[in-house]
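Consider the chain shown below. The paragraphs that follow go through it element by element.

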Amino acid sequence: STKNLTKHFGSLLAVDSVNITIEGAETLALVGESGSGKTTLAKLIMGLAKPSEGEVYLEDSRVKNRGKDFYHQVQVIFQNPGESLSHRLSVLELVRESLDIQEIGTKEERNCKARQVLREVELPETEAFLSKYPHQLSGGEMQRVAIARALVLDPRLLIADEPTAFLDSSLQAKILKLLLNLQEQRGLSLLFITHDIAVARKISDRIAVMKDGKIIEQGPAKRIIAAPLHAYTNKLSQAASSLSFGS
């Protein structure tokens, strides 16, 4: 949860006293147009930016330092895997890296864990694939590697920041289905950041709508879509794309 989380960039108020809570095994969709403050909020939660004011809580304890314990429980998937994945590491090294940093198990145990997570995200375990580098992968494969990399520490909360933004519509649907399946199988909590309220409706339990750094409305997804309280939310609904999950 966040309590009055605020971020100033000079005179710009990017995040304005935001209060959100994500329950166990719940999906909260954070919805808003570009520039509304969604990604900045994610960075504040992850410790990638320092808040001007406010606090972050994990299991009712205030987060003061983000060390190994925090990142064991909270992980993030970024928008563009082409930028978030190091092009100097192979697929196996990318997925295994967090285990290496935290010195979990032997190298063989870490390799086995990385292979297991790659199976979960429906990628090959062949030596030929494991030895590939990001520039040799398709966009969908890169994002699946990024998801595997985020899951290898078995986090309890996953922050997905527009994870399908760089994919075509058919791949978007496949990645969304994968995330939903993984959430159900693992009992994950998910903070899903998107500009598309139609996508939010399909995948979330609750929706929080963000505009100009503020949460202007939040509640059960069905209620937000069926009876929005704010004109901006209604505008997002009217502009939303339709997305089919396919078979």
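Which residues of α1 are buried? The model is a predicted one, and in it the buried residues of α1 are Lys38, Thr40, Leu41, Ala42, Leu44, Ile45 and Met46. Seven of the helix's nine residues are therefore buried, and α1 is largely enclosed by the rest of the structure. Directly after α1 comes Gly47, which has a positive phi near 85 degrees.

Part of the surroundings of α1 is a sheet. Four strands make up this open sheet, in the order β2-β1-β4-β5, with antiparallel pairing. Its edges are β2 (12–18) and β5 (61–62); each has a single partner strand, so one side of each is left without a neighbour in the sheet. Helix α1, residues 38–46, packs on this sheet and touches β1, β2 and β4. The direction of α1 makes about 115 degrees with that of β1.

With β2, β1 runs antiparallel and is joined by four bridges. Lys7 has Val15 of β2 opposite it. The hairpin of β1 and β2 has two residues between the strands, and in this hairpin Gly10 takes a positive phi near 65 degrees. With β4 (residues 53–58), strand β1 (residues 2–9) is again antiparallel, here through three bridges. Thr6 stands opposite Glu53 in β4. In a regular strand, side chains alternate between the two faces of the sheet. As for side chains of this part of the chain, Lys7 lies over the face of Phe9, at 5.2 Å from the ring centre.

Strands β9 (residues 206–211) and β10 (residues 214–220) pair in the antiparallel sense, with six bridges between them. Met210 has Ile215 in β10 as its bridge partner. Two residues lie between the strands of this hairpin, where Asp212 has a positive phi near 50 degrees. Lys211 places its charged end over the ring of Tyr232, 5.5 Å from the ring centre.

How many aromatic pairs does the count come to? The count is one aromatic pair. Phe70 and Tyr71 form this pair, with 5.2 Å from centre to centre and 85 degrees between the planes. The arrangement is edge-to-face, because planes over 60 degrees apart are counted that way. The two partners can also be described by their accessibility. Phe70 has a relative accessibility of 6% and so counts as buried, whereas Tyr71, at 24%, counts as partly exposed.

The last stop is helix α7 (residues 139–151), which contains Ala148. Is Ala148 buried or exposed? Its relative accessibility is 0%, so Ala148 counts as buried. Which residues does Ala148 touch, leaving aside those up to four places away in sequence? Ala148 touches Val95, Val117, Leu118 and Val121.

Definitions and conventions: Residues are numbered from 1 along each chain as its sequence is written. This is a predicted model: local features need pLDDT of at least 70, side-chain atom pairs count only at pLDDT 80 or more; totals for chains, interfaces and linings use all residues. Side-chain values use heavy atoms; hydrogens and water are left out. Two strands pair if DSSP finds at least two bridges between them. Contact means heavy atoms within 4.5 Å. Axes are lines fitted to C-alpha atoms, for helices over the stretch in contact, and angles run from 0 to 180 degrees between N-to-C directions. Rings of Phe, Tyr and Trp (its six-membered ring) pair if their centres lie within 6.5 Å; planes under 30 degrees apart count as stacked, over 60 as edge-to-face and the rest as tilted. Buried means under 20% relative accessible area, exposed over 50%, partly exposed in between (1.4 Å probe, protein chains only). A charge sits over a ring if NZ of Lys or CZ of Arg is within 6 Å of the ring centre and within 35 degrees of the ring normal.
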